[in-house]
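Grab a pencil and work through these exercises with the structure open beside you. Each task comes with a solution that goes step by step.

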Amino acid sequence: NAGVTQTPKFQVLKTGQSMTLQCAQDMNHEYMSWYRQDPGMGLRLIHYSVGAGITDQGEVPNGYNVSRSTTEDFPLRLLSAAPSQTSVYFCASSRDRGRNQPQHFGDGTRLSIL
Amino acid sequence: DAKTTQPNSMESNEEEPVHLPCNHSTISGTDYIHWYRQLPSQGPEYVIHGLTSNVNNRMASLAIAEDRKSSTLILHRATLRDAAVYYCIPTPLYNNNDMRFGAGTRLTVKP
């Protein structure tokens, strides 16, 4: 059982470039989310989805887009990368949004913007 | 959002118990208390959660104060693999998106 898979693991971009961070889960989870983690800080929620076709903004959504066309996949798009988006990005999933289901996290994508 | 206070760091010796405290004095009556940990270069990992009663699972025990203003994560026998950052997160019942990760406690386990 693979759980939550994130690709790529590492990426270096130039300012202004675009890219998509991939996230896939094989647990048939309804709820998926993206976080970013900056040095010495906790995780901050970027966007989340409670099911296919439904997405919403988290705490720090600016500069990021998401879509959820299938239950399994939840890609995160950077349209025009900025140095402030240099961070480690984590994707997570849980069975549903509520009833205190534990969240399962991927191992992260380490992104550097030059 | 409930504010949490955790020690920045703690040390333990291998095979000894570890008690990781968390203060959440502004917790709502329906917030569950979740604990996650993050090993180096990995994503956070669920440890345990509870509402009012003490909880046990294969990884740890969670002791919740009677007034729910604080809780303690107990690792019964620390191993080197338990070295990680531990996060205490009061979580609203139906809003996983309201999980706010603070800075956590960095646990060092000495052989």
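## Exercise 1: the disulfides

Let's begin with Cys22(B), which counts as buried because its relative accessible area is 2% (buried means under 20% relative accessible area, exposed over 50%, partly exposed in between, with a 1.4 Å probe and protein chains only).

A word on ground rules: this is a predicted model, where local features need pLDDT of at least 70, side-chain atom pairs count only at pLDDT 80 or more, and totals for chains, interfaces and linings use all residues. Residues are numbered from 1 along each chain as its sequence is written, chains are lettered from A and ligands numbered from 1 in the order in which they are written, and side-chain values use heavy atoms, with hydrogens and water left out.

**Task.** Find the partner of Cys22(B) and say which parts of chain B the pair ties together.

**Solution.** 
1. Look for a disulfide, meaning a pair of cysteine sulfur atoms within 2.5 Å. Cys22(B) forms one with Cys88(B), and their sulfur atoms are 2.1 Å apart.
2. Cys22(B) sits in strand 2 (residues 18–23) of chain B and Cys88(B) in strand 8 (residues 84–91) of chain B, so the pair ties together parts that are 66 residues apart in sequence. Strands here are DSSP runs (E, at least two residues), numbered from the N terminus.
3. Cys88(B) is buried too, at 1% relative accessibility.

**Solution.** 
1. The count over all chains is two.
2. In chain A, Cys23(A) is joined to Cys91(A), with an S to S distance of 1.9 Å.
3. This link is left-handed, with -75° about the S-S bond.
4. Cys23(A) belongs to strand 3 (residues 19–25) of chain A and Cys91(A) to strand 9 (residues 87–94) of chain A, so parts 68 residues apart in sequence are tied together.
5. Cys23(A) is buried at 2% relative accessibility, and Cys91(A) is buried at 0%.

## Exercise 2: a sheet in chain B

**Task.** In what order do the strands of the open five-stranded sheet of chain B run, and which are its edges?

**Solution.** 
1. Go by pairing: two strands pair if DSSP finds at least two bridges between them.
2. The order is 1-9-8-3-4, and the pairing is mixed.
3. Strand 1 (9–13) and strand 4 (45–50) of chain B are the edges, as each pairs on one side only.
4. Zoom in on strand 8 and strand 9 (residues 105–110) of chain B, which pair in the antiparallel sense over three bridges. One contact to find is Ala84(B), whose bridge partner in strand 9 is Leu107(B).
5. Finish with Thr91(B), which lies in strand 8 of chain B and counts as buried at 0% relative accessibility.

## Exercise 3: who lines the largest pocket?

**Task.** Which element gives the largest share of the lining of the largest pocket?

**Solution.** 
1. The lining has 21 residues, and Gln37(A), Gln38(B), Val85(B), Tyr87(B) and Arg106(B) lie nearest the centre of the pocket. (On a 1 Å grid over the protein atoms alone, a pocket is an open set of points where a 1.4 Å probe fits, with protein on both sides within 12 Å along at least five of seven lines; lining residues have an atom within 4 Å of a point.)
2. Strand 9 of chain A, together with strand 8 and strand 9 of chain B, are the elements that give two or more residues to this lining.
3. The largest share, three residues, comes from strand 8 of chain B.

How values were computed. Helix = DSSP H or I, 4+ residues; strand = E, 2+ residues; numbered from the N terminus.
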